[in-house]
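This note sets out several points for a colleague who is meeting the structure for the first time. Each point takes up one topic and may be read beside the displayed model.

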Amino acid sequence: MQLQLMMSSGFNVFRVGISFVIMCSFYMPTVDSLLELSPQKYFSTLQPGKASLAYFCQADSPRTSVFLEELNGAVRPLQDYGISVAKVNCVKEEISRYCGKEKDLMKAYLFKGNVLLREFPTDTLFDVNAIVAHVLFALLFNEVKYITNLEDLQNIENALKGKANIIFSYVRAIGIPEHRAVMEAAFVYGTTYQFVLTTEIALLESIGSEDVEYAHLYFFHCKLVLDLTQQCRRTLMEQPLTTLNIHLFIKTMKAPLLTEVAEDPQQVSTVHLQLGLPLVFIVSQQATYEADRRTAEWVAWRLLGKAGVLLLLRDSLEVNIPQHANVVFKRAEKGVPVEFLVLHDVDLIISHVEHSMHIEEIQEDEDDDMEGPDIDVQDDEVAETVFRDRKRKLPLELTVELTEETFNATVMASDSIVLFYAGWQAVSMAFLQSYIDVAVKLKGTSTMLLTRINCADWSDVCTKQNVTEFPIVKMYKKGENPVSYAGMLGTKDLLKFIQLNRISYPVNITSIQEAEEYLSGELYKDLISYSSVSVLGLFSPTMTTAKEDFSEAGNYLKGYVITGIYSEEDVLLLSNKYAASLPALLLARHTEGKIESIPLANTHAEDIVQIVTDALLEMFPEITVENLPSYFRLQKPLLILFSDGSINPQYKKAILTLVKQKYLDSLTPCWLNLKNTPVGKGILQAYFDPLPPLPLLVLVNLHSGGQVFAFPSDQAIIEENLVLWLKKLEAGLENHITILPAQEWKPPLPAYDFLSMMDAATSQHSTRKIPQCMKETDVQENDKEQHEDKSAVRKEPIETLRIKHWNRSNWFKEAEKSFRHDKEL
């Protein structure tokens, strides 16, 4: 193969003498795009050492038009690699075997000179990317090794230790854009690095990658490895697999790992800055030089491909650096001053760099599209989703947009649901989509008015409603205190909350017949799909205190379960029928057709809430992200059956039998479907190495000690084996497989009291007096009265949190202006 140096797409590319020839006469593109040749002419143009791809088909064949259209689009990118494109007509008198049988006309033939190298079914060359990828893949068979198992990768790695580096890539399929990008990179760098390619997910997982939905590219640093028993260090390219990204990534791999400098950091320039990456200077002095260099090398490996790392020698530096600073951070943008930092932990250095790069990426996106929402470290995944869906047009007209002038009049005139949100906050904008989805489902059927108010525009209203964190949903009904929604921020749970609040709770049942209809589910059958359990409190007319406690509990539970109360003179008829001693609570489980009674003597409101909440829990539930907190708060060890799909009915029967026999009272038995809840695989990986086959029964003592015990995989999951295993656990005769570390799972940042921060930003003092936020019970009182009480003092937050895209000093001035209500999301 003859290589000729050329310039393409801003970097050097080697041109290969390749002719790409297509033979067909049905499709007639422009002459400049595809050369049209006769069979005799085509074979006479083949030259030794040059490659060509020929497609043979008879004239007037309509099914080749789509293929030829894609080829026509591939002409220009193929020319960048020295590939010429032509087509040849097969005529009736042609004797060539390529113009023969019908099945031969469904293939493309790759030649090198007069030698046939490869046959391609035409359906594999389905678009421009596939054409370029397949041709380069076939021609670069020496530069790119395709493997299917870990053993092949290890053999290649061992053979190249101390000799050359490896670029290993995984793509989901041959012919897709990522595959083309890897082939184009191999076309340029194939003589310098050994390229290795796979499409096997199992191979990617075996080297430690968890997210296998996307293409991956690793740089294996094997050239530095002299000990053959040592594994090559690996660096993952975190950007999408495009030709330009791979080129930039390889450039950073070629740059020195660590450079020593003794000049003003503001004047230092390296290849990293030219590639748009920041620089990190580890400040050193003679007394601590060796330790500082080791730290700098460790940081350099951690930031490889993300930033350049330099060791700044303070003793030889003429420019003064603050005495306390040990890290200097320089952004890639010109004119931006360097930052002097005090970071005594390597992880803090890494976090600072990654966070800064993340913010720069968001700002670049927003420069391209000014409608991009604010993205914060706390909610980066949420913000990514919002940004991805930013051009999705929401039917906002299905909800009423409220202002300071219309809020009180609207919520007092009708039963209303109000969404309090901030237009610049990612979680708010994500939940707004769910809120609109609820409005779509309720269109024309709900008596509730769905409204929304942007607290970034109308802060005073939100303050009066005691809303300082977003998003919040509140329900306003005439004559009742507003109720805050506390469920999951999703369409399903919010819809349930709204539907169950169509009626007031607890429902006052007035007759035995009505009570029976209520317990059977007939009375509110349209709500049964939202609440599979109905609760009925039974009280004699004189049990005033008990009824008040039950009413308080019913009010607390509204939106989550249907509650009713019966206290007529003939209440004993019901209590006798269901063997319930008054006061009592009847639980009707509609899916099971069962009614059970629970005595309520000396039971207060909070106890009733707990009883009902526990009753809603299943005996052997499928654990999901949504319901895990409900079972986790029981503070019992979890007995989890992990399954790859639905569980075996025999397993379910065995565990339910033990539940009924009280063997599992001290545990929370449950099961987890990895297909429905993929995060379960990550959980298993924390327990096992390697993962054993499913199903797996595991006992996890999260609340005390963190021990994890595994049911023997060689035993059948039957009652006898389970009981024996549980007894061994109780006697301390079973060994744990791992111990989970004790740690608190908290959000990366605390919840923001945004309105408090806004007040603090505009205040000239560290503390100031402001109007007291009104209580939930006073939200519908006169506005002027709410501002008269100035006894409350709101303190400035301890940590100053930066709020992007928001000029806080002018916020109140802008809020006084009339805001347009037709803002686009």
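1. Aromatic pairs. The count in this predicted model comes to 12 aromatic pairs. In the pair of F497 and Y560, the ring centres lie 6.0 Å apart and the planes stand at 55 degrees, so the pair is tilted. This pair links distant parts of the chain, 63 residues apart: F497 belongs to helix α15 (residues 491–500), and Y560 to the loop between α17 (544–557) and β26 (562–566). F497 is buried, at 0% relative accessibility, whereas Y560 is partly exposed, with a relative accessible area of 29%.

2. Other ring arrangements. F168, Y218 and F220 form one aromatic cluster. A ring also takes part in an arrangement with a charge: the charged end of R233 sits over the ring of W301, 4.1 Å from its centre.

3. Helix α15. How much of α15 is covered? The helix is mostly covered, with 7 of its 10 residues buried. These buried residues are T491, L494, L495, F497, I498, Q499 and L500. They pack against β20, α13 (426–442), β22 (472–476), β23 (483–484) and β26.

4. Strand β20 and L419. Strand β20 spans residues 416–421 and contains L419. With a relative accessible area of 0%, L419 is buried. Beyond its neighbours within four places in sequence, L419 is in contact with F431, L432, Y435, T451, R452, I453, P471, I472 and V473. The C-alpha atoms of L419 and I453 are separated by 6.3 Å, although these residues are 34 places apart along the chain.

5. Is E184 buried or exposed? E184 lies in helix α5 (residues 177–189) and has a relative accessible area of 7%; it therefore counts as buried, the limit being under 20%. Residues up to four places away in sequence aside, E184 touches Y81, V132, L136 and T243.

6. Salt bridges. Side chains of opposite charge can pair when their charged atoms come close. The structure holds 14 salt bridges. One of them joins the side chains of E205 and K681 (2.9 Å, N to O). This pair links distant parts of the chain, with E205 in helix α6 (residues 201–206) and K681 in helix α22 (residues 679–687), 476 residues apart. E205 is partly exposed, at a relative accessible area of 32%, and K681 is partly exposed at 34%.

7. Further charged pairs. D347 and R302 meet through their side chains in a salt bridge (3.1 Å, N to O). D347 is in helix α10 (residues 346–368) and R302 in helix α9 (residues 289–302), 45 residues apart. Another salt bridge is formed by the side chains of D526 and R502 (2.6 Å, N to O). Here loops are involved: D526 lies between α16 (512–520) and β25 (533–538), and R502 between α15 and β24 (507–508), 24 residues apart. D526 counts as partly exposed at 41% relative accessibility, and R502 is partly exposed at 37%. Salt bridges that share partners also join E238, K306 and E354 into one network.

8. A nonpolar patch. Which residues make the nonpolar surface patch of about 220 Å²? The patch is made by L628, F632 and L702. F632 is placed in helix α20 (residues 628–632) and counts as partly exposed, at 35% relative accessibility.

Conventions
Residues numbered from 1 in each chain as written. Predicted model: local features only at pLDDT ≥ 70, side-chain atom pairs only at ≥ 80, totals over all residues. Heavy atoms only, no water. Patch = residues over 30% accessible without salt bridge, like charges linked within 9 Å, V, L, I, M, F, W, Y side chains within 5 Å. Areas by Shrake-Rupley, 256 points an atom, 1.4 Å probe, with all protein chains shown as cover. Salt bridge = Lys/Arg side-chain N within 4 Å of Asp/Glu carboxyl O. Helix = DSSP H or I, 4+ residues; strand = E, 2+ residues; numbered from the N terminus. Buried < 20%, exposed > 50% of the residue type's maximum accessible area, 1.4 Å probe, protein only. Contact = heavy atoms within 4.5 Å. Phe/Tyr/Trp six-rings, centres within 6.5 Å; stacked < 30°, edge-to-face > 60°. Lys NZ or Arg CZ within 6 Å of the ring centre and 35° of its normal.
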